[in-house]
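Visitor: Could you walk me through this structure and tell me what stands behind each label?
Guide: Gladly; here it is.

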Amino acid sequence: MASGVTVSDNVIKVFNEMKVRKCASQEDIKKRKKAVVFCLSDDKKNIIIEEGKEILVGDEMDDVYKCFIEMLPKDDCRYALYDATYETKETRKEDLVFLFWAPDCAPLKSKMIYASSKDAIKKKFTGIKHELQANHLEDIQDRCNMATKLGGTTVISLEGKPV
């Protein structure tokens with residue numbers, strides 16, 4: 001059942017910017033979004049970018065994947081886009097991953113509206129190769145689970161850290 005929730009233009013704009021990897025300069029590359037978290041607006045009618053919940057390629061941090069996971073609320077649902085950089089035994093790759101975060105401890109009403117609105121955002125994110133649904137922190141905290149989603153046993157590192 002569809003919820004009637006719409007996807008804001010800013011969400012689509014961010015997706016299109018993350019999908020296109022052509023950047024003119026090093027400065028432009030550093031401003032590219034590495035990860036973004038999306039939430040429902042207060043009136044529960046629109047999917048919007050959650051304020052302050054993004055990581056840029058140029059952000060200095062020890063473990064970008066860990067920082068991404070820490071952006072997700074422990075007790076509520078969210079959608080997220082993550083631009084995963086990983087290595088397989090053959091090559092280095094970058095792919096967008098759509099994450100549906102629905103922790104077991106989230107309120108039932110929140111889980112229901114996020115689940116019924118997921119198709120609305122997925123339809124706007126054309127060309128996403130990888131989708132992951134997580135209901136426990138353990139599902140995504142270990143980078144091995146993300147690596148498995150990206151390429152099974154052929155993935156040897158995610159964000160420069162071995163899996």
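Guide: Contact here means heavy atoms within 4.5 Å. Leaving aside neighbours within four places in sequence, R143 is in contact with D63, Y65, L158, E159, K161, P162 and V163. Please keep in mind that this is a predicted model.

Visitor: Why is R143 called buried?
Guide: Buried means under 20% relative accessible area. R143 has 11% relative accessibility, so it counts as buried. Its place is in helix α6.

Visitor: Which other residue has a positive phi although it is not a glycine?
Guide: K44 does, with a phi of about 65°. K44 belongs to the loop between β2 and β3.

Visitor: Where does the largest pocket come in, and which residues lie nearest its centre?
Guide: Its lining has 22 residues, and K34, V57, T85, R92 and E159 lie nearest the centre. The volume of this pocket is about 380 Å³. β3 (46-56), β4 (78-88) and β5 (92-101) each supply at least two lining residues. β4 gives the most, with four residues.

Visitor: What is the make-up of that lining by class?
Guide: There are twelve charged, seven nonpolar and three polar residues.

Visitor: What makes a group of residues a nonpolar core?
Guide: The residues must be buried, of nonpolar types such as Leu, Phe or Tyr, and joined through side-chain atoms within 4.5 Å. The largest such core here has 24 residues, and those with the most contacts inside it are Y65, F68, Y82, L99, I140, M146 and L150. Two or more residues of this core come from each of β2 (33-40), α3 (64-71), β4, β5, β6 (130-134), α6 (143-151) and β7 (155-158). α3 gives the largest share, five residues. Apart from this core lies another, of 23 residues, among them V5, V7, L40 and L81.

Visitor: What is Y82 in contact with, leaving aside its neighbours within four places in sequence?
Guide: The partners of Y82 are K34, A35, V64, Y65, F68, D95, L96, V97, M146 and E159.

Visitor: How do you know that L40 is buried?
Guide: The label needs a value under 20%. L40 has a relative accessible area of 7%, so L40 is buried. L40 is found in strand β2. Leaving aside its neighbours within four places in sequence, L40 is in contact with V5, N46, I47, I48, I113 and Y114. The C-alpha atoms of L40 and Y65 are separated by 23 Å, with the two residues 25 apart along the chain.

Visitor: How do you know that β5 and β6 pair?
Guide: Two strands pair if there are at least two bridges between them. β5 and β6 have five bridges, in the parallel sense. F100, for instance, has Q133 in β6 as its bridge partner.

Visitor: Which residues of β6 are on its covered face, and which on the uncovered one?
Guide: H130, L132 and A134 make up the covered face, while E131 and Q133 are on the uncovered one.

How values were computed. Residues are numbered from 1 along each chain as its sequence is written. This is a predicted model: local features need pLDDT of at least 70, side-chain atom pairs count only at pLDDT 80 or more; totals for chains, interfaces and linings use all residues. Side-chain values use heavy atoms; hydrogens and water are left out. On a 1 Å grid over the protein atoms alone, a cavity is a set of points where a 1.4 Å probe fits but cannot get out, and a pocket is an open set with protein on both sides within 12 Å along at least five of seven lines; lining residues have an atom within 4 Å of a point. Grid points are joined across faces, edges and corners, and a volume is the space filled by probe spheres set on the points. Ala, Val, Leu, Ile, Met, Phe, Trp, Tyr, Cys and Pro count as nonpolar, Asp, Glu, Lys and Arg as charged, and the others, Gly among them, as polar. Buried means under 20% relative accessible area, exposed over 50%, partly exposed in between (1.4 Å probe, protein chains only).
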